[in-house]
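Please open the model in your viewer and keep the sequence panel beside it. The stops below say what to select next and what to look for there.

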Amino acid sequence: MNPVSTEALLGALRWRYATQKFDPERRIPEETWSALEEALVLTPSTFGLQPWKFVVVRDPELRQRLSAASWGQKQPLECSHFVVFALRKGLDAAAVDRFIGRSAEVRGIAPDQLQRLRNVIVGATDRARAGGYLDSWMSCQVYIALGQFMAAAALLGVDTCPMEGLKPEAYDEILGLAAGGYGTLCACAAGYRAADDKYAAIPKVRFPVAEVVARR
């Protein structure tokens with residue numbers, strides 16, 4: 001693998017911004033979108049549990065309803081691809097067993113060989129459940145996926161806009177997520193910026209490295 005140059009990385013991250021107006025005529029090529037879906041799948045998570053579902057919404061009628069459930073924001077309507085990031089709520093032993101089974105399958109071993117790992121994961125998630133922070137802990141993993149998606153998109157020249165300005169319960173109802181044990185956390189519009197999006201030219205406001213990075 002040839003690593004991305006520092007110039008290419010920083011150039012992409014400086015280029016990206018929360019796109020407010022997308023060009024509705026431009027579509028993300030299928031090859032590019034497939035890579036972005038794979039970037040979502042490859043996101044790291046605690047223990048590798050992957051407590052998420054990424055719902056790619058293409059249906060125009062659903063997008064209209066999601067726009068209304070996003071306080072009328074237009075990104076869900078204008079973007080090329082719209083992704084809803086959902087959390088697997090109340091992650092239980094069955095979900096852990098599913099992960100252990102998949103791990104055994106991928107690595108070509110018997111599930112029993114991963115019993116110690118299973119016990120560690122179940123113990124940690126049980127403690128989190130008892131402490132009332134299991135969903136909060138797992139939701140942090142979903143936001144890692146959002147960050148990875150946006151960074152990958154920038155490297156591929158695709159614009160994004162993360163969205164928390166939405167009604168999670170309405171999204172859940174529209175997409176039928178609750179029945180599967182999932183709940184909406186946020187969404188992300190992806191596509192290409194409109195030529196007249198004024199926010200594209202506004203300089204980023206960031207504190208200096210010396211103020212936010214501590215070296216000990």
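Begin by selecting phenylalanine 47, which sits in the loop between α2 and β1; helices (H or I, at least four residues) and strands (E, at least two) are DSSP runs, numbered from the N terminus. The phi angle of phenylalanine 47 is near 60 degrees, a positive value in a residue other than glycine. With 32% relative accessibility, phenylalanine 47 counts as partly exposed, where buried means under 20% relative accessible area, exposed over 50%, and partly exposed in between, using a 1.4 Å probe and protein chains only.

Before going on, note that this is a predicted model, in which local features need pLDDT of at least 70 and side-chain atom pairs count only at pLDDT 80 or more, while totals for chains, interfaces and linings use all residues. Residues are numbered from 1 along each chain as its sequence is written, and side-chain values use heavy atoms, with hydrogens and water left out.

Next, select tryptophan 71, in the loop between α3 (60–68) and α4 (75–78). Its phi is near 55 degrees, again a positive value in a residue other than glycine, and tryptophan 71 is exposed, with a relative accessible area of 62%.

Now zoom out to the whole protein chain, whose secondary structure comes to nine helices and four strands, arranged along the sequence as α-α-β-α-α-β-α-α-α-β-α-β-α. The C-alpha trace spans about 55 × 45 × 35 Å along its principal axes, and 39% of the 216 residues count as buried.

Colour the strands next and select β4 (residues 182–191), which is mostly covered, nine of its 10 residues being buried. Strand β2 (residues 81–88) pairs with β4 in the antiparallel sense over eight bridges, where two strands pair if DSSP finds at least two bridges between them.

Which residues are the closest to the centre of the largest pocket? That pocket has a volume of about 540 Å³, and of the 18 residues that line it, the closest to its centre are Leu49, Gln50, Trp52, Arg98 and Tyr182. On a 1 Å grid over the protein atoms alone, a pocket is an open set of points where a 1.4 Å probe fits, with protein on both sides within 12 Å along at least five of seven lines, and lining residues have an atom within 4 Å of a point. Grid points are joined across faces, edges and corners, and the volume is the space filled by probe spheres set on the points. Select α2 (30–41), β1 (52–57) and α5 (93–107), the elements that give two or more residues to the lining; α5 gives the most, with five residues.

Finish at glutamine 141 in helix α7 (residues 134–155), which is buried, with a relative accessible area of 7%. Not counting residues up to four places away in sequence, glutamine 141 touches Ser45, Thr46, Pro51 and Trp52, a contact meaning heavy atoms within 4.5 Å.
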